[in-house]
Amino acid sequence: MCGIAGWVDFERDLSREEATATAMTRTMSCRGPDAEGLWIREHVALGHRRLAVIDLEGGVQPMTAEDGDNHTLASLTFCGEIYNYRELRAELTALGHTFRTSSDTEVVLRGYLQWGADLAVHLNGMFALAVWDPRTEELLLLRDRMGVKPLFYLPTEHGVLFGSEPKAILAHPLAPRRVGAEGLCELLDMVKTPGVGVFSAMHEVRPGHLVRINRQGLATRAYWKLEAQEHTDDLDTTIGTVRGLLEDIVARQMVSDVPLCLLLSGGLDSSTVTALAARFSAAQGLDTVRSFSVDFAQAADRFLPDAVRGMRDAPFVQDVVRHVGSNHTEVVLNSGDLTDPVLRGAVLRAVDAPPAFWGDMWPSLYLLFRAVKEHSTVALSGEAADELFGGYRWFRNPHAVRADTFPWLTSGSTRYFGGLGLLDKGFLDKLDLPGYRQDRYHEALAEVPVLPGESADERVMRKVSYLNLTRFVQTLLDRKDRMSMAVGLEVRVPFCDHRLVEYVFNTPWAMKSFDGREKSLLRAAASDLLPASVTERIKSPYPATQDPLYEQALRAELADIAADANSPVLPLLDRAQVRKIVDRPLGDVSQPYDRGGLEMALWLNAWLTEYDVSLDV
């Protein structure tokens, strides 16, 4: 896993711009702490920061391929893991290619020489990559099908800037630090429009897409998308196919030349991955798998069930650990640490945007991953199973399913993503967030594939699945990527394997919910792997602190901001609402959905300050 950056300019000699290219590359040092590489020619600069995972000696980047006369055929900077690289290597060898390393990077490079832009359809993995072809003077940007790995770009007058994260582009003097109405709407609402970057003129390569840049300009196209296909398997066959796919996926993703572990919450998703990994390790004669979970100090005494968290994770985690025999570590966090300015600054710089939604989960994830990194470089996670198998409550809420908006932004769910309570009404009116949300929803709706002859009920559930797999899941993948890569930890997500996604997406909802519960297919596919307590457990999200001292610290910080006339967020706030929340009596328990406005105001102020952002509204 790595961080990439680069610059193409067809009217400029970039061989004289090493300092700028190096500055862009070094913003990715957290993503790649092990090595740095830079490849510069007249019109192109490719930068790379490496986190060594496979072929520690041979996988150095940027990597080039030459012909017999030492002329460069292509140069690659690559972030990600290719899980079928061994099969591709054998296929390419049979086609006449020779290899000098055992890395998946060289397989990608040779794959480009063989298949060109069609390389993408051959890859099974998570990836963001850039290939420069001097024969055509063309740059190719590619992103994996589900968007597990990020990739941003900013067109310039004579080329493009790109990087794994916005900070790589912002390190270039040509990149404006401006944010317009569209960017603000993306920050303030849970719509996550594919391809839209927050900063003006900046874009994100859409999942499953490629971008070509040459002297004629810039063009994008999809190489993969979710399609509607008839599902002909019966229920037993479907359950067996899901199980077989998961076994193959986890086995592929266990390949690593560095220590690997599992992120375990005690929920169905992560427990299934952990159990399959433990079974694979035992079958291969490998060491006992390591697992990690997170909890808050004193949570056992202070935990209060709420609408979505009925019980703590810890008892279920221990049930799984005993059942599969993993070598387990519980990372216990102190809620007071979550407001540490140094920690919050690190989180902000990892995200390049106000990480307001989910509030304390950002710094707590950072601390969890930092602790995991002390023992492992690679971790497997259960992310994306809820979007794929129908785990959220809105999948089973008739009002949410039939609503003319994103299902997670309907009553009963929207409060968990609310951060507008302290913002000035005039400012919000200028942005017209309801109109923006509606436009983005109908754009997404127009993309939903249709299966001829499908019933109305199945059609509406296909819509809900599509919205979750193309919009909602992106917010979770972004969070996982930024917080893990900020500490140099690679997190793999088995449930994002495109083969599984395609198969389950086209499985009728009647099968996905055949036992009347959430994630019926996954539960059935993994039932023999897990203790009964886990298979019977109701979906519970990632833990959040309920410590009132955390909220007290947030309020104190907000009071300081309100008292400082130079605070950049002040013109955006409703002063009366700020005073009301600062003076409001503090309860015995602080729930995350009551802190959304606080989190948004504080993160916005920190972002506007540190990134010196100009707002064009």
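# Exercises on a predicted model

At a relative accessibility of 12%, tyrosine 223 counts as buried (buried is under 20% relative accessible area, exposed over 50%, partly exposed in between, with a 1.4 Å probe and protein chains only). The model is predicted: local features need pLDDT of at least 70 and side-chain atom pairs pLDDT 80 or more, while totals for chains, interfaces and linings use all residues. Residues are numbered from 1 along each chain as its sequence is written, and side-chain values use heavy atoms, without hydrogens and water.

**Exercise 1.** Locate tyrosine 223 and describe its surroundings.

Solution. 
- Step 1: find the element. Tyrosine 223 sits in the loop that runs between strand E13 and helix H6 (235–253). Helices (H or I, at least four residues) and strands (E, at least two) are DSSP runs, numbered from the N terminus.
- Step 2: list the contacts (heavy atoms within 4.5 Å). With neighbours within four places in sequence set aside, tyrosine 223 touches residues including Ala120, Phe127, Leu142, Asp144 and His209. Arg145 is also one of its contacts.
- Step 3: look at Arg145 again. The tyrosine 223 side chain reaches the backbone nitrogen of arginine 145 at 3.4 Å. This is a polar contact: N or O atoms within 3.5 Å, where within protein one must be able to donate a hydrogen and the other to accept it, and residues adjacent in sequence count only if both atoms are side-chain atoms.
- Step 4: take a residue elsewhere in the chain. Arginine 178 is 45 residues from tyrosine 223 along the chain, and their C-alpha atoms are separated by 31 Å.

**Exercise 2.** Is histidine 97 buried or exposed, and with which side chain does its own side chain make a polar contact?

Solution. 
- Step 1: histidine 97 lies in the loop between helix H2 (85–94) and helix H3 (104–115).
- Step 2: its relative accessible area is 12%, so histidine 97 is buried.
- Step 3: beyond four places in sequence, histidine 97 is in contact with Leu92, Arg110, Leu113 and Gln114.
- Step 4: in a polar contact of 2.8 Å, the side chain of histidine 97 meets the side chain of glutamine 114.

**Exercise 3.** Work out the strand order of the open sheet that contains E4 and E5.

Solution. 
- Step 1: begin with one pair. Strand E4 (residues 63–66) and strand E5 (residues 72–82) pair antiparallel over four bridges; two strands pair if DSSP finds at least two bridges between them. Methionine 63 has leucine 76 of E5 as its bridge partner.
- Step 2: check the connection. E4 and E5 make a hairpin with five residues between them, and asparagine 70 in the turn has a positive phi of about 65°.
- Step 3: write the order. The six strands run E4-E5-E6-E7-E12-E13, with antiparallel pairing. E4 and strand E13 (217–222) are the edges, since each pairs on one side only.

**Exercise 4.** How many disulfides does the structure hold?

Solution. 
- Step 1: apply the cut-off, a pair of cysteine sulfur atoms within 2.5 Å.
- Step 2: take cysteine 2. Its closest cysteine sulfur belongs to cysteine 79 at 6.0 Å, which is too far for a bond. Cysteine 2 is buried, at 4% relative accessibility.
- Step 3: take cysteine 496. Its closest cysteine sulfur is also in cysteine 79, 14 Å away, too far for a bond. Cysteine 496 is buried, with a relative accessible area of 8%.
- Step 4: state the count. The structure holds zero disulfides.
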